Amino acid sequence: MTSPNPLPDEASAYLADPRRELLELDIEGGRGPAPFRWLTRFMEHLIAAILVALIVSVSANVIGRSLLNRSLPWADELARMLFIWLIFIGAAAAFARYEHIAVDFLVRRLQPRAAYVLYLLQHLIIATLMGIMVWGGYLVMSRSTGRTAILGVPWNLINVSLVLCSLFIVAVALWRAWQCLRLIRNPDIDQPQAGD
C-alpha cells in the first residue's frame, strides 16, 4: 500500500520552512538589518577565538597535570569564564541564524496568516523572557563587586555576557515580531526589503 503523500527525498524539504525564511537574517545575502548581520558575523568570529582559547586553557591544564604532576588553577578558572561567554554568545548567534531547535509541526500546517500570528506570539514571548533576563542580569551586576579567586577578574566582566547577549536576542526578536506584523497584514509579500 502506498502512502497518499509521498515524502521527498531531500532532507532540506524537512528543514526549510518557506514562511520562516522571510523572518531569517540572511548574513551572506544581505537581508535584514545591517547591524544584526554585522554583530552576528562578529559573534561567530568571537566564538571561534574563544573556542581556541578554551582549548588552549584546558590543554595547558591537562599537560600540567600529566607532565608536571601539578594542576594549573588559573587554567580551570579561565576555562570556566570562557565557557560562560561561549554559551551566551553562541546562543545569541544561533538565535540570529534561526538555528535553535524548534518543533514546527503545527506552524507548517497553518495558513500563512495563522502561521505568522504564531511566529509573532513566539517572538513576543522570547523578547519578554530575554527582557527579564536583562533585568535580572542588571540586578546581579549592580550588586556584584567581587573578583574571581585566582585571576582577580571582576565578576561583572563575566556577568555582562548574559546582559549583552540577551539584549541582542531581544532586538532580533522584536525585529522578527515587526516582520510578522507586516506579513500578517500582507501574507503575499515575497521578500522583506533589505535593511528591514
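**Helix crossing and positive-phi residues**

N69 counts as exposed because its relative accessibility is 69%, where exposed means over 50% and buried under 20% relative accessible area (1.4 Å probe, protein chains only). This is a predicted model, in which local features need pLDDT of at least 70 and side-chain atom pairs count only at pLDDT 80 or more, while totals for chains, interfaces and linings use all residues. Residues are numbered from 1 along each chain as its sequence is written, and side-chain values use heavy atoms, leaving out hydrogens and water.

**Residues with positive phi**

- N69 is not a glycine, yet its phi is positive, at about 60°.
- N69 is found in the loop between α3 and α4 (73-96); helices are DSSP runs (H or I, at least four residues) numbered from the N terminus.
- Y98, also a residue other than glycine, has a positive phi near 60°.
- Y98 lies in the loop between α4 and α5 (112-143) and counts as buried because its relative accessibility is 11%.

**Packing of α3 and α6**

- The axes of α3 (residues 34-67) and α6 (residues 155-185) cross at roughly 140° and come within 12 Å; axes are lines fitted to C-alpha atoms over the stretch in contact, with angles from 0 to 180 degrees between N-to-C directions.
- In α3, F36, L39, T40 and M43 meet F168, A171, V172 and W175 of α6, contact meaning heavy atoms within 4.5 Å.

Methods: Helices (H or I, at least four residues) and strands (E, at least two) are DSSP runs, numbered from the N terminus.
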